[in-house]
Protein chains: 2
Amino acid sequence: MDKKEENTEEQVVNPWEVSSSGGKIDYDKLIDKFGCQRFDQSLVDRVQRLTGRPPHVFLRRGVFFAHRDFNEILDAYERGEKFYLYTGRGPSSEALHLGHLIPFMFTKYLQDAFKVPLVIQLTDDEKCMWKNLSVEESQRLARENAKDIIACGFDITKTFIFSDFDYVGGAFYKNMVRVAKCVTYNKVVGIFGFTGEDHIGKVSFPPVQAVPSFPSSFPHLFSGKDNLRCLIPCAIDQDPYFRMTRDVAPRIGYHKPALIESSFFPALQGENGKMSASDPNSAIYVTDSGKVIKNKINKYAFSGGRESVELHRKLGANVEEYGAGRMLTGEVKQRLTQVLTELVERHQTARSAVTDEMVDAFMSVRPLPNMFN
Amino acid sequence: MDKKEENTEEQVVNPWEVSSSGGKIDYDKLIDKFGCQRFDQSLVDRVQRLTGRPPHVFLRRGVFFAHRDFNEILDAYERGEKFYLYTGRGPSSEALHLGHLIPFMFTKYLQDAFKVPLVIQLTDDEKCMWKNLSVEESQRLARENAKDIIACGFDITKTFIFSDFDYVGGAFYKNMVRVAKCVTYNKVVGIFGFTGEDHIGKVSFPPVQAVPSFPSSFPHLFSGKDNLRCLIPCAIDQDPYFRMTRDVAPRIGYHKPALIESSFFPALQGENGKMSASDPNSAIYVTDSGKVIKNKINKYAFSGGRESVELHRKLGANVEEYGAGRMLTGEVKQRLTQVLTELVERHQTARSAVTDEMVDAFMSVRPLPNMFN
């Protein structure tokens, strides 16, 4: 990374920190800096044509705004080749907030549209090491989070959810070693910014998040399919892991995983950061009641409204009806409260139907015989 | 480590290098530098008293010359508490040499004398990473080496042999993470001398060798016995791993493992190094024929004999009959050839009787119900 460029940019985006001292995140700069590609309208159109479905709202609205080699996934798909999806979550909190749901809602759409299998990694080992949680507490949070993930509606005949503490070993561990051999300490310092005072668990972790990109890490699913391509939907802060993974992949005989990457769900207070579990007022949780949602939005949400009704009517803000000045802050907040309350209540109903037996079923190491149908 | 002290010592002893520019290894200095304890005659006597057996020749001759907390193991044993043994091997070569057999011959004696269970770790992952072997080749070497180990006569009702590629995962992996959280990168640099150009597999490995010291890494053997003590017989070059392990153990709720440590089996050329698989003329292999053994000893073995028969008779050398001048170099070499040929032929006979089924049996993850009897 160019030091000078970093200084003038003043925005930090990595798996553990998202901030921008100069205001909101500049996603164009991020695309340049990370070296990924913009997800443009022609790709949105191509997805619609190939799947025969309207593109997901997160594509239409540019929430998933960047990619790496997604066009190659579509080329292969057009030739009749299949692929698999890989996404994940670091289980650091009891309840998910709406920012956490974004990749899962979008991944469900991809699974349904392309009819492909999906592996979901719960990095309980990572959170145990970074957040200094006990092994047992990390595992408990992983299971709780699995319920929220299952509530997003994934197809159990096409979906394998695993926690690292349960699943690391065997073919997965062998791939971890193969990856680790290809990455120097200096390299991970460059990518992740580790220091000598960081514990070696942190240095050991990147291969754990890398190897679900390789089909041979899942012999119960993809045995004999070492050429299967992998597509990873994720927030762009996870890009450093997969830059590393893509660098290593061809050296150990695998395709580079493709990526489709989202911007951050903004904090209620505005676009200078992302919804963060460590600041409860920045986020709407999937466990919040309608009343809590309404209060948070009315109290904390930044809307861009003008100082007075007159000024607002005259100048407008920058979002459609609101931008044209035909809606007031209060009206926007009311509409937002309604949309989010419906989404959250739908999620709560779905989650309450998820039993421990369903979690066991999604997380059991088993073949998925109809996963490509 | 004190830089100045290191420079005057000019001897390097770590898991990957044993050398001494000033001549033979100074084991007294090593004890001081590592901070371990000398294995003195009173301990030898105590072992004899507690086990009711004559002490092993490697104890009488001081081959196992150092220890850490071995007296605590004996205290506990005297109170009626049991312990378990842990040793291992990095499978980097097809055939073992005599230096490799030392810890196994001694461990068998300990198992028989104390009637305790034993876990043997084959670090195929380590050798895959350090020697740049493929995963498959490392695993093949591990199985080949397991046959030589089994040929040492271990009791299958008390012995679990495992390879890391097979066994890492579950409770073992959880302990790896617990250890990794307690060790900074700076710390492993201080202990092992890693550099920024080393790959992260090396940095990740020390916890893998650490955690067999903790009974909870083997739930099929020691479930509910988290307080069981561990005794590690090994060559002293492995001490750095276990210094680290002993530092971490109390912080994660376990006893520190005790150690009993051997000097190196000297190279045929003399005591300035150890028998090394990377210099075939330095070592007698367990696969060598009687003729090869005789040739190697006659051609390469350093004996300390004098320049002429007259001088030798007059001055003598420094080993009993030979030292007193009553034996000649040729006679010593003949006796050595005879002793080693017998040992190697006995080993070859035992190894040829080890079937693949026996390897599978020793390496299967199973309870050992009579392991303490």
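Modeller: Gladly. Helices here are DSSP runs of at least four residues, numbered from the N terminus. Keep in mind that this is a predicted model.

Colleague: How many residues of H6(A) are buried?

Modeller: Of the 17 residues in H6(A), 14 are buried, so the helix is mostly covered, where buried means under 20% relative accessible area.

Colleague: Now the interface. What area is buried between chain B and chain A?

Modeller: Interface size is often given as the accessible area lost when the parts come together. In this model, about 3,000 Å² is buried between chain B and chain A, with 63% of it from carbon and sulfur atoms. Tyr173(B), Lys181(B) and Ile200(B) supply 25% of what chain B buries against chain A, more than any other three residues. Each chain's part in the contact is 35 residues from chain B and 35 residues from chain A.

Colleague: How many salt bridges are there between chain B and chain A?

Modeller: There are two salt bridges between them. One joins the side chains of Arg178(B) and Glu136(A), at 2.9 Å from N to O. The two chains also have 25 residue pairs in polar contact.

Colleague: Which helix gives the largest share of chain B's side?

Modeller: That is H10(B), with six residues. By class, chain B's side has 16 nonpolar, eleven polar and eight charged residues.

Technical notes:
Residues are numbered from 1 along each chain as its sequence is written. Chains are lettered from A and ligands numbered from 1 in the order in which they are written. This is a predicted model: local features need pLDDT of at least 70, side-chain atom pairs count only at pLDDT 80 or more; totals for chains, interfaces and linings use all residues. Side-chain values use heavy atoms; hydrogens and water are left out. Contact means heavy atoms within 4.5 Å. Buried area is the accessible area (1.4 Å probe) that two parts lose on being put together, summed over both. A salt bridge is a side-chain nitrogen of Lys or Arg within 4 Å of a carboxyl oxygen of Asp or Glu. A polar contact is a pair of N or O atoms within 3.5 Å; within protein, one must be able to donate a hydrogen and the other to accept it, and residues adjacent in sequence count only if both atoms are side-chain atoms. Helices (H or I, at least four residues) and strands (E, at least two) are DSSP runs, numbered from the N terminus. Ala, Val, Leu, Ile, Met, Phe, Trp, Tyr, Cys and Pro count as nonpolar, Asp, Glu, Lys and Arg as charged, and the others, Gly among them, as polar. Buried means under 20% relative accessible area, exposed over 50%, partly exposed in between (1.4 Å probe, protein chains only).
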